[in-house]
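Reader: Could you walk me through this one, starting with how the helices pack?
Author: Gladly; here it is.
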Amino acid sequence: MAKRIDVKDLDIYYGDFKAVEGVTMTVEPRSVTAFIGPSGCGKSTVLRTLNRMHEVIPGGRVHGSVMLDDQDLYASSMDPVAVRRTVGMVFQRPNPFPTMSIRDNVAAGLRLNGIKKKSTLDEVVEKSLRGANLWTEVKDRLDKPGAGLSGGQQQRLCIARAIAVNPQVLLMDEPCSALDPISTLAIEDLINDLKAEYTIVIVTHNMQQAARVSDQTAFFNLKATGEPGRLVEVGDTPRIFSNPTEKATEDYISGRFG
Amino acid sequence: MSTIELEAGPRGGAPAPAAPPSFAPKSGPRALRDNLARIVMWGAFVLGVIPLVWILVSTILKGGSMLLESQWWTNSQAGITDRRVGGGAVHAIQGTLIQAAVTTVISVPVGVMTAVYLVEYGRGRLARAVSFMVDILTGIPSIVAALFVYALWVTTFGFQRVAFAVCLALVLLMIPTIVRSTEEMLKLVPNELREASYALGVPKWKTIFKVVLPTAFSGIVTGVLLGVARVMGETAPLLVLGPYTPVIVTDLFATNMATLPTMINQSRSENLQPALDRVWGAALTLILLIFLLNLLGRFVGRFSKVKS
């Protein structure tokens, strides 16, 4: 079910611009890994290479390898569409499909990939919405538009949509940055529940959040403006927050910069 | 890290409230400029509306009575001369609607797909060339499009001047407007929706058909209907390629097919009252058709708008 991710010597480019360089790290299955670091240091960029969303941007390309268990995501025979079915993603701003109802939003991944059987879809919709802690709130209005929910509900709807296709890994790009504290708490609780089944990688600007939800924390930083971002340090969250090896990590965590 | 030093002693009460700002009355010169700007804007608005209202009122006054006669909607002008009263416009209405429909059926897929290419796929030189061509086509005078089709259809291929040739010329005029309006609508679809779809493992073409196009649907429809309305009033291609006939013709490849613009043009050629009445009647009918189409466009736009 949940898979391990091995990133090795990963360089990420936008056209000729090297955005991130030399990332090597391992993400354990059934754990939460948090990416922290100042804006523009490449955390989201690294995240997006884990399901080949990076190359959706014109000029986006990578060197190095990303292994999902024993499969190389960037092997020439690997279909990016298949990768994205295995590695799901939740975005910074809730982005339910505005033309679809709540039910259709959750079923979108399956339906757009050719699964039409109503009983299967209904089952998956309920399971995913329960998994995203949204079922009790929306079960009486599944046919209403998804865009009519509150921001926090929309984000949980997006999580339900992502887990409906049964991915092995769930990537979250600042999933709470557009939400109020109560909705944030709901999402954090949800991350804790989802950890039992999925490998989760979350980008966050909120260090308390990283400390609360993650087992492992990776700190990214820029050497200087215009230089590529790099992975400074990665380790168990308690250690990173209490006893980081690198000075830069300590400075960032204690709020001295960034 | 610097820390803010907290005062140990008791706070010395609330700070004294600042004196309330004094609001001076509006100064003379500013009030003058304000009024001047208001007058200029209202003047421009009224100036712009006068001819519109004038056209509408005089067309209704002079052509309205024609439209109230039932034979206007049931009869053609077959066997009726300019000197005689009577007959209807059904041949021209039918012709206009048929040609607009055929033109739309050809133009919409080509135009929408071109816009999809430009927004979703187009990169580099080819896309820039296509975009440039669309710009040029947008500015092409309708008489040029008509003569191009004439050169191709009649001179080169040796076919007769038929309604279908008119449609081809209208297609040339309609495609660029559809491409442009659709392009704008597709650009309005947030990229996040495309990414959300990709992240679910949905291929790009399916993302476009199931997510992007439905999201932009109402805007695209509105743009198409406005394009149809424009094409319905187009006259030059009709004069060059589709001469008037007073009888009902529904075959696109047969002989001449009447349309409202050519009916107007035909009837105004002689200064006889029955014919002039028909000019106003046909003009009002055309305005009415285009008005209904615009209304339909708005209705569809509102009806299928993405609800939140």
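Author: Helices α5(B) and α6(B) cross in a right-handed way, where right-handed means that the near helix is turned clockwise from the far one by less than a right angle, and left-handed that it is turned anticlockwise. Helices here are DSSP runs of H or I with at least four residues, strands are runs of E with at least two, and both are numbered from the N terminus. This is a predicted model, in which local features need pLDDT of at least 70 and side-chain atom pairs count only at pLDDT 80 or more, while totals for chains, interfaces and linings use all residues. Residues are numbered from 1 along each chain as its sequence is written, and chains are lettered from A and ligands numbered from 1 in the order in which they are written.

Reader: What is the angle between α5(B) and α6(B), and how far apart are their axes?
Author: The angle is about 135 degrees and the axes are 9 Å apart, with axes fitted to C-alpha atoms over the stretch in contact and angles running from 0 to 180 degrees between N-to-C directions. The pair is therefore oblique, the class left over once angles under 35 degrees are called roughly parallel, over 145 roughly antiparallel and 65 to 115 roughly perpendicular.

Reader: Which residues of α5(B) and α6(B) make the contact?
Author: From α5(B) they include B:Ala145, B:Ala146 and B:Val149, and from α6(B) they include B:Leu168 and B:Ala169; contact means C-beta atoms, placed from the backbone, within 7 Å.

Reader: Switching topic, how many residues are in the largest nonpolar core?
Author: That core has 144 residues, and A:Leu170 and B:Ala169 have the most contacts inside it. Helix α6 of chain B, residues 163-188, gives the most to this core, with 17 residues. A nonpolar core is a set of buried Ala, Val, Leu, Ile, Met, Phe, Trp, Tyr and Cys residues joined through C-beta atoms within 7 Å. Buried means 20 or more other C-beta atoms within 10 Å of the residue's own, exposed 12 or fewer, and partly exposed in between, with C-beta atoms placed from the backbone.

Reader: Is A:Arg52 buried or exposed?
Author: A:Arg52 counts as buried because it has 23 C-beta neighbours inside 10 Å, and its place is in the loop between α1 and β4 of chain A.

Key: Two residues are in contact if their C-beta atoms, placed from the backbone, lie within 7 Å.
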